[in-house]
Amino acid sequence: AGTDDAGIIFLGSKNSGKTTIILRFLEREESPKPTVALEYTFGRKQARGSHLKKNVAHIWELGGGTSLTQLLDSVITETTVKTLSFAIVLDLSKPEELYLTLETLLKELRQKVGKALADMATKDLRSCNNEDYLVSIIIQ
């Protein structure tokens, strides 16, 4: 992934329109198909002010509602967490499921992002020298 690349993960209720949103964003004229697990696609657009450079958007879609959130561990890592965004899409035609779905997904995202940030901090501590580490401890 390049330094200007960004990613977004679409997750939410089953049959809530995640694929449709992605297809419209990518300006694709395809019929949406049910998402089986964790699907990846990307979009590439010409960067503003440059005829050579292209910006890349990495797009993941989690199917299965709240049942497959463990698959996000492969996407939310210490190397991707800084450039990831999340879109939670809910099915408003099922109000009885809204709160539980939102609460479950937010809890999972907090846990996974927290782990990725902790892993990143641990990696940063291992890569710095002892003098930097001591300065960090003193400042805190």
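Lysine 45 and glutamate 27 form a salt bridge in this predicted model, with their closest N and O atoms 3.8 Å apart, a salt bridge being defined as a side-chain nitrogen of Lys or Arg within 4 Å of a carboxyl oxygen of Asp or Glu. The pair connects distant parts of the chain, since lysine 45 lies in strand E2 (residues 38-46) and glutamate 27 in the loop between helix H1 (18-25) and E2, at a separation of 18 residues; helices (H or I, at least four residues) and strands (E, at least two) are DSSP runs numbered from the N terminus. Lysine 45 is partly exposed at a relative accessible area of 44%, whereas glutamate 27, at 61%, is exposed, where buried denotes under 20% relative accessible area, exposed over 50%, and partly exposed the range in between (1.4 Å probe, protein chains only).

By the stated criterion, the model contains 4 salt bridges. One of them joins the side chains of aspartate 73 and lysine 112, with an N to O distance of 3.0 Å. This pair also links distant parts of the chain, aspartate 73 being placed in the loop between strand E3 (54-62) and strand E4 (84-89) and lysine 112 in helix H2 (residues 95-127), 39 residues apart. Aspartate 73 is partly exposed, with a relative accessible area of 42%, while lysine 112 is buried, with a value of 6%.

Lysine 112 additionally meets glutamate 108 in a salt bridge with an N to O distance of 3.5 Å. These two residues are 4 positions apart in helix H2, and are therefore separated by about one helical turn. Glutamate 108 is partly exposed, at 24% relative accessibility. Through shared partners, the salt bridges join Asp73, Glu108 and Lys112 into one network.

With regard to confidence, the protein chain has a mean pLDDT of 85, and 84% of its residues reach 70 or more, pLDDT being the predictor's confidence in each residue on a scale from 0 to 100. Over residues 130-140, pLDDT stays under 50, and the model has 2 contacts for them beyond four places in sequence, a contact meaning heavy atoms within 4.5 Å. Where pLDDT is low, the predicted coordinates should not be read in detail.

Residues are numbered from 1 along each chain as its sequence is written, and side-chain values use heavy atoms, with hydrogens and water left out. Because the model is predicted, local features require pLDDT of at least 70 and side-chain atom pairs count only at pLDDT 80 or more, whereas totals for chains, interfaces and linings use all residues.
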